[in-house]
Amino acid sequence: MNRTLGTGGRELEHQILEALQERISAFGDDSEIRAEETADGGIEILTAWFDRFGEHKDAVMGEFLFRDNPDGGPGGRYFCSVLTLASDMPIENIPDLSLALSVINFYIETGCFALNKPADLLVYRNTRTFSGDVSEEALRAECITEMEQAYETAAKYSTVVLALAEGSLMLEEFMALLATE
């Protein structure tokens, strides 16, 4: 069967999340697909715990899901990857961290690091738009690639980002590190 997002709908999205879950299990990490009720009938979210993340082998939570295209295009969907690196950061570190994240975001090719002020979360997020006519095989491959790219980008910068968040690396030291690259 040659399904697309437009013809396979939520069933296809679920199968893609299962394929991602299978790929995550190859890393040896735990994951689960859970349903969340929303105004549009609910979504499924693949939640994963990456226990050996980054240089210091920290544990981070990853969430992967499909969202509606706000333009309302037929069959178009967003595939979102969100990795939560830290929560409850000291308020005094947030100004320097914000500036450093802006600099890092300038250099990375996709996605961005962000602070979620109400929840005090430090996250890396990446979103990819898919039209309704992407084949099932292409969608599966692209979503796996997107998940892996989000993981690798967040892991690459996690040491410096977390050091800035906790205050063990100062903004001046961070800027000096950039100058040596």
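Strand 1 and strand 2 (residues 43-53) run antiparallel and are joined by seven bridges. Within this pair, the residue that stands opposite Ile 33 is Leu 46 of strand 2. These descriptions, like those that follow, refer to a predicted model.

Strands of a sheet are held in pairs by backbone hydrogen bonds, and the pairing can be either parallel or antiparallel. In this structure six strands form an open sheet with antiparallel pairing, and their order is 1-2-3-4-6-5. The edges are strand 1 (30-36) and strand 5, each of which pairs on one side only. From one strand to the next, the twist averages 25°.

## Helices on the sheet

Helix 2 (residues 94-107) packs on the sheet, where it touches strand 5 and strand 6, and the direction of helix 2 makes about 155° with that of strand 5. Helix 3 (residues 136-166) also packs on the sheet, touching strand 2, strand 3, strand 4, strand 5 and strand 6, and the direction of helix 3 makes about 160° with that of strand 6.

## Strand 6 and its two partners

Strand 6 (residues 121-130) pairs with strand 4 (residues 77-87) in the antiparallel sense, over ten bridges.

## Two buried residues

Gly 62 belongs to strand 3 (residues 58-68). Is Gly 62 buried or exposed? Its relative accessibility is 0%, and because buried means under 20%, Gly 62 counts as buried. When residues up to four places away in sequence are not counted, Gly 62 touches Leu 46, Thr 47, Ala 48, Phe 50, Val 82 and Leu 83. Of these, Leu 46 is 16 residues from Gly 62 in sequence, while the C-alpha atoms of the two residues are 8.0 Å apart in space.

Thr 84 lies in strand 4, and with a relative accessibility of 15% this residue counts as buried as well. Which residues is Thr 84 in contact with, leaving aside its neighbours within four places in sequence? They are Val 60, Met 61, Leu 121, Leu 122 and Val 123.

Terms used: Residues are numbered from 1 along each chain as its sequence is written. This is a predicted model: local features need pLDDT of at least 70, side-chain atom pairs count only at pLDDT 80 or more; totals for chains, interfaces and linings use all residues. Side-chain values use heavy atoms; hydrogens and water are left out. Two strands pair if DSSP finds at least two bridges between them. Helices (H or I, at least four residues) and strands (E, at least two) are DSSP runs, numbered from the N terminus. Buried means under 20% relative accessible area, exposed over 50%, partly exposed in between (1.4 Å probe, protein chains only). Contact means heavy atoms within 4.5 Å. Axes are lines fitted to C-alpha atoms, for helices over the stretch in contact, and angles run from 0 to 180 degrees between N-to-C directions.
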